[in-house]
Amino acid sequence: MRIVFMGCTEIGFRSLEKLIEMEEEVVAVYTMPREFKISYANEPVKAVTHKSFEEIANRYNIPLITVTGKMKDYTESIKNFNPDFILVIGWYFMIPKEIRDIPKLGCAGMHASLL
């Protein structure tokens, strides 16, 4: 199963490590920088639990895409990986419907705090 993984926190990193250990086919990792803009703040937000995914992506030769704009701007990029499933763990934004509709088996996520 072709998986696109989205994460930018420690819990996301550990989850990605587990997927790789289970020999799942992770075809791409989407992550975010430590500091990012959100619509309701004048200054960039600094993610306290941020974790870099660069080392793990390089170690396993997985394409790493850093999301710096709006999520919908990455729709075509995600389509190009032809995922069967998108897994989102440790992310800061809602995944737009046009992205959630891409994978054949759907999209699932986990958020580590109360919403």
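Visitor: What makes up the secondary structure of the protein chain?

Guide: This predicted model has four helices and seven strands. Following the sequence, the elements come in the pattern β-α-β-β-β-α-β-α-β-α-β.

Visitor: How do you know whether the radius of gyration agrees with that of a compact globule?

Guide: We set one value against the other. A compact globule with 115 residues would have a radius of gyration near 13 Å, and the protein chain has 13 Å, so the two agree. Along the principal axes, the C-alpha trace spans about 40 × 30 × 25 Å. As for burial, 43% of the 115 residues are buried.

Visitor: Which strands form the open sheet, and in what order?

Guide: The open sheet has five strands in the order 5-2-1-6-7, and their pairing is parallel. The twist from one strand to the next averages 20°.

Visitor: Why do strand 5 and strand 7 stand at the edges?

Guide: Each of them has a single partner strand, so one side of strand 5 and one side of strand 7 (107–110) are left without a neighbour in the sheet.

Visitor: What is the handedness of the crossover from strand 1 to strand 2?

Guide: The chain leaves strand 1, passes through helix 1 (residues 10–21) and reaches strand 2; this β-α-β crossover is right-handed.

Visitor: How many bridges join strand 2 to strand 5?

Guide: Three bridges join strand 2 to strand 5 (residues 64–66), and these strands too run parallel. Tyr-30 has Ile-65 of strand 5 as its bridge partner, and Thr-31 stands opposite Thr-66 in strand 5.

Visitor: What does helix 1 touch when it packs on the sheet?

Guide: Helix 1 touches strand 1, strand 2, strand 6 (85–89) and strand 7, and its direction makes about 165° with that of strand 1.

Visitor: And how many bridges join strand 1 to strand 6?

Guide: Four bridges join strand 1 to strand 6, in parallel. Here Phe-5 stands opposite Leu-87. Strand 6 also pairs with strand 7 in the parallel sense, over four bridges, with Val-88 opposite Gly-109.

Visitor: What makes strand 6 "mostly covered"?

Guide: Five of its five residues are buried. In a regular strand the side chains alternate between the two faces of the sheet. In strand 6, Phe-85, Leu-87 and Ile-89 are buried on one side, and Ile-86 and Val-88 are buried on the other, which leaves both faces covered. Strand 2 (residues 25–31) is also mostly covered, with six of its seven residues buried.

Visitor: Why is Phe-13 called buried?

Guide: Buried means under 20% relative accessible area. Phe-13 has 7%, so it counts as buried. Phe-13 is found in helix 1. Not counting residues up to four places away in sequence, Phe-13 touches Lys-51, Ser-52, Phe-53, Glu-55 and Ile-56.

Visitor: Is Thr-75 buried or exposed?

Guide: Thr-75 has a relative accessible area of 8%, so the cut-off of under 20% makes it buried. Thr-75 lies in helix 3 (residues 75–80). Leaving aside neighbours within four places in sequence, Thr-75 is in contact with Glu-98, Ile-99 and Ile-102.

Visitor: How do you know how many disulfides there are?

Guide: A disulfide needs two cysteine sulfur atoms within 2.5 Å, and by this rule the count comes to zero. Cys-8 is in no disulfide, as the nearest cysteine sulfur, that of Cys-107, is 14 Å away. Seen from Cys-107, the closest cysteine sulfur is in Cys-8, and 14 Å is too far for a bond.

Visitor: Which of these cysteines is buried, and which is partly exposed?

Guide: Cys-8 has a relative accessible area of 0%, so it is buried. Cys-107 has 28% relative accessibility, so it counts as partly exposed; that class lies between the cut-offs of 20% and 50%.

Definitions and conventions. Residues are numbered from 1 along each chain as its sequence is written. This is a predicted model: local features need pLDDT of at least 70, side-chain atom pairs count only at pLDDT 80 or more; totals for chains, interfaces and linings use all residues. Side-chain values use heavy atoms; hydrogens and water are left out. Buried means under 20% relative accessible area, exposed over 50%, partly exposed in between (1.4 Å probe, protein chains only). Helices (H or I, at least four residues) and strands (E, at least two) are DSSP runs, numbered from the N terminus. A crossover is right-handed if, with the strands pointing away from the viewer, the path from the first strand over the helix to the second runs clockwise. Two strands pair if DSSP finds at least two bridges between them. Contact means heavy atoms within 4.5 Å. Axes are lines fitted to C-alpha atoms, for helices over the stretch in contact, and angles run from 0 to 180 degrees between N-to-C directions. The radius of gyration is taken over C-alpha atoms; the globule rule is 2.2 Å times the number of residues to the power 0.38.
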